[in-house]
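Q: Please take a close look at one packing region of this model and describe it in a connected way. Give the cut-offs behind each term as you use it.

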Amino acid sequence: MTQRPERADALRNREAVLAAADALFATSSSPHSVSMDDIATAAGVGKGTLFRRFGDRAGLIGAVIASRLEPLQQAAREAQDAPGCSPRQQVLDLLDASLRFKIENRHLMSAAEDAGISSPYRAEHYAWWHDILRATLARVPGVQDPDFTAHALLAAIRADLVAHLVDDRGMTPEGLRSSLAAYVDHVL
């Protein structure tokens, strides 16, 4: 069965909802306080449109995360094919890119956890990061278990840990990135 292209108005509504949700989560002091009503109002659509399109709050948040991750993932894929960059440096670059994303989007990632999106290890974006990191680690001399090492390195940049270090402990993003680089250097 051939899938029909999305209607222009449905595509516009989807983009308006994603943009409104993204803006509200980014500017809210507490992403937990952003309701589906708030998002529908900001997007200029009915609340029913949100539920028909995204299912629930978790589905909407997942769609916002996916839309934000898409350009980052494309850049990461292109960097993997860049000549002259060692696999070790590629590992550091991948983790740094993911960390920067989590720092910049920590409120959105926090809202995802609060919305009941299941274990981060079951999330599609986690699987993508793990797969690309594992494949890169497999090319780093001396890495004994690329699968476990990829999980362990990704655990060091979990969204809840990043939010805790930046928001609660006052660590600067630059300090966090520097600490991550030193950690990765030690592990590899």
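A: H7 and H8 lie oblique to each other, a class for angles that are not under 35 degrees (roughly parallel), over 145 (roughly antiparallel) or 65 to 115 (roughly perpendicular). The model is predicted, so local features need pLDDT of at least 70 and side-chain atom pairs count only at pLDDT 80 or more, while totals for chains, interfaces and linings use all residues. Residues are numbered from 1 along each chain as its sequence is written, and side-chain values use heavy atoms, with hydrogens and water left out.

Helix H7 covers residues 124–137, and helix H8 covers residues 146–155. Their packing angle is about 125 degrees and their axes are 8 Å apart; axes are lines fitted to C-alpha atoms, for helices over the stretch in contact, and angles run from 0 to 180 degrees between N-to-C directions. Helices (H or I, at least four residues) are DSSP runs, as are strands (E, at least two), numbered from the N terminus. The crossing of H7 with H8 is right-handed, meaning that the near helix is turned clockwise from the far one by less than a right angle (left-handed if anticlockwise).

On the H7 side, the contact with H8 uses Tyr 126, Trp 129, His 130, Leu 133, Arg 134 and Leu 137. H8 contributes Pro 146, Asp 147, Thr 149, Ala 150, His 151, Leu 153 and Leu 154. Contact means heavy atoms within 4.5 Å. By class, the residues of the H7 and H8 contact are 8 nonpolar, 3 polar and 2 charged (Ala, Val, Leu, Ile, Met, Phe, Trp, Tyr, Cys and Pro are nonpolar; Asp, Glu, Lys and Arg are charged; the others, Gly among them, are polar).

Thr 149 of H8 counts as buried at 13% relative accessibility, where buried is under 20% relative accessible area, exposed over 50% and partly exposed in between, with a 1.4 Å probe and protein chains only. Leaving out residues up to four places away in sequence, Thr 149 touches Leu 137, Val 143 and Val 187. Leu 137 is also one of the H7 residues in the contact with H8.

From H4, the residues Ile 65, Leu 69, Leu 72, Gln 73, Ala 76, Arg 77 and Gln 80 meet His 125, Trp 128, Trp 129, Ile 132 and Thr 136 of H7. This contact of H4 with H7 divides into 7 nonpolar, 4 polar and 1 charged residues.

Trp 129 is buried, with a relative accessible area of 5%. The whole structure holds 1 aromatic pair, formed by Trp 128 and Trp 129, edge-to-face, with 5.0 Å centre to centre and 85 degrees between the planes. Rings of Phe, Tyr and Trp (its six-membered ring) pair if their centres lie within 6.5 Å, and planes under 30 degrees apart count as stacked, over 60 as edge-to-face and the rest as tilted.

Ser 98 of helix H5 touches Trp 129 and Ile 157, not counting residues up to four places away in sequence. Ser 98 is buried, at 2% relative accessibility.

Helix H5 (residues 87–104) also packs on helix H4 (residues 57–80), at an angle of about 165 degrees and with the axes 11 Å apart. That angle makes H4 roughly antiparallel to H5. The H4 and H5 crossing is right-handed. Its H4 residues are Ile 65, Arg 68, Leu 69, Leu 72, Ala 76, Ala 79 and Gln 80, and its H5 residues are Gln 90, Leu 94, Ala 97, Phe 101 and Glu 104. The H4 and H5 contact counts 8 nonpolar, 2 polar and 2 charged residues.

Ser 86 sits in the loop between H4 and H5 and is partly exposed at 37% relative accessibility. From Ser 86 to Val 140 the separation is 54 residues in sequence and 8.2 Å in space, C-alpha to C-alpha. Glu 70, in helix H4, is exposed at 54% relative accessibility. Glu 70 and His 125 are 55 residues apart in sequence, with 9.7 Å between their C-alpha atoms.

For the chain as a whole, the secondary structure is 10 helices and 0 strands. Of its 188 residues, 37% count as buried.
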